[in-house]
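Here are my notes on this one, point by point. Have the structure open while you read.

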Amino acid sequence: MKKLTILAALLAAFACKPAETNAPPATGAAIQINGAGATFPYPIYSKWFDEYHTAHPNVQINYQSIGSGGGIKQLTAETVFFGATDGPMNDEQRRNAPGAILHFPTVLGGVVPIYNVPGTTSQLRFSGTTLANIYLGGITKWNDAAIAKENPGVNLPATDIAVVHRSDGSGTTYIWCDFLSKVSPDYKSKVGVNTSVSWPAGIGAKGNEGVSGLVQQTPGAIGYVELIYALQNKIPFAAVQNKAGEFVTATLDSVTAAAASVTMPDDFRISITNAEDKEAYPIASFTWLLLYEQPKDKARAKIMVDFLKWALTDGQKDASALHYAPLPKAVVDKELQAIAKIQL
């Protein structure tokens, strides 16, 4: 009877294995793999790790949503097996790591300006220059002439603007600053592009969750979060003017358009903010999973390679329901080849 029970369990595990993978066997001791990093992709990573655990009950992938900066630090310190970031590691960060770290894009997402303006029911519109001036502290009232010009006919109160930004090292901040630095030389020189910056104005909150909550609780507030956090929390978010001069709302199609003409480099580190396409939402980005090229723990590495292959293929079907854009096929094909660099 015991042998029959074990056989049944094996057959069940095999039946729910994700398609087209060389999955690790579903028997043996339980294996736990720990990762940490960006809050931007947390909703889809959480779903993926749950699905993978269902298919492979002996594998538990734990992920701490602590921000991209924290994920990079913990991966560099080797306190986690994998990291996640929305801002690719810079050359200095890569040099400081104890081994070569590979970047693997997993999905595309958009960062949106959210706001809480009492009495305003129309969707607001912002140019990048106006957003930059708000975050530089130059625009302090909701009825400022610059905001009014971009929102004709909208009732804008003479309310103070409460600027909210991330307090932790954040890939969402990286994407936000990357866009604003491209459209505002003043912003580039005073704030710059990084996962952590010195803010000239505003108050900080931890994670996309923290920014969402603080904006909701603060009349007159403005903040920036990944699209799914605005949708899940039913927070109004603005259309943003793109490089072609169009005011575009973040949607799956407009985020996808931002990557339409991308030429992906071999190391996958690329910025797609302020894209050329007329339909493109301008504050869009890939998000990356980070793995060591020469991992010390081969057993865990084999599992993460299998997981990554599944996430890049079958797992992409989960993206749209969670308001992420799936990866372009050309990017997936390039990544599936690059996975071979991981020395198992």
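1. Start with helix α12, which gives the most to the lining of the largest pocket: 4 residues. The elements that supply two or more lining residues there are β1 (31–37), β11 (284–292) and α12 (298–312). Helices (H or I, at least four residues) and strands (E, at least two) are DSSP runs, numbered from the N terminus. A pocket is found on a 1 Å grid over the protein atoms alone, as an open set of points where a 1.4 Å probe fits, with protein on both sides within 12 Å along at least five of seven lines; lining residues have an atom within 4 Å of a point.

2. Before going on, some ground rules. This is a predicted model, in which local features need pLDDT of at least 70 and side-chain atom pairs count only at pLDDT 80 or more, while totals for chains, interfaces and linings use all residues. Numbering runs from 1 along each chain as its sequence is written, and side-chain values use heavy atoms, with hydrogens and water left out.

3. Back to the largest pocket, which holds about 320 Å³ of space. That volume is the space filled by probe spheres set on the grid points, which are joined across faces, edges and corners. It has 20 lining residues, and E78, V80, F81, Y292 and K296 are the closest to the centre. Sorted by class, the lining has 11 nonpolar, 5 polar and 4 charged residues. Here Ala, Val, Leu, Ile, Met, Phe, Trp, Tyr, Cys and Pro count as nonpolar, Asp, Glu, Lys and Arg as charged, and the others, Gly among them, as polar.

4. The second largest pocket comes to about 240 Å³. Have a look at G87, P88, M89, N90 and Y174, which are the closest to its centre among 18 lining residues. Helix α7 (residues 171–183) provides the largest share of this lining, 3 residues. The class count is 7 nonpolar, 8 polar and 3 charged.

5. Now zoom out to the whole chain. There are 13 helices and 11 strands, and the C-alpha trace spans about 75 × 40 × 35 Å along its principal axes.

6. How much of the chain is buried? Of the 344 residues, 53% count as buried, meaning under 20% relative accessible area, with exposed being over 50% and partly exposed in between (1.4 Å probe, protein chains only). As for contacts (heavy atoms within 4.5 Å), among those between residues at least 6 apart in sequence, 75% join residues at least 24 apart.

7. Helix α5 (residues 128–135) is mostly covered, with 6 of its 8 residues buried. Those are G128, T130, L131, A132, I134 and Y135. Just past the helix, G137 takes a positive phi of about 90°.

8. N242 is worth a stop. It sits in the loop between β9 (239–241) and β10 (247–248), and it counts as buried because its relative accessible area is 5%. A polar atom of the N242 side chain lies 3.1 Å from the backbone nitrogen of A244, and a side-chain polar atom of N242 is 3.0 Å from the backbone oxygen of A280. Leaving out residues up to four places away in sequence, N242 touches V248, N274, D277, K278, E279, A280 and P282.

9. A162 belongs to strand β6 (residues 162–166). Its relative accessibility is 21%, so A162 counts as partly exposed. Apart from neighbours within four places in sequence, A162 is in contact with T218, G220, A221 and I222.

10. Last, two loop residues to check by eye. K234, not a glycine, has a positive phi of about 55°; it is in the loop between α10 (227–232) and β9 and is exposed, at 73% relative accessible area. H323, also a residue other than glycine, has a positive phi near 70°. H323 is found in the loop between α12 and α13 (329–338) and counts as partly exposed, at 33% relative accessibility.

Note on methods. A polar contact is a pair of N or O atoms within 3.5 Å; within protein, one must be able to donate a hydrogen and the other to accept it, and residues adjacent in sequence count only if both atoms are side-chain atoms.
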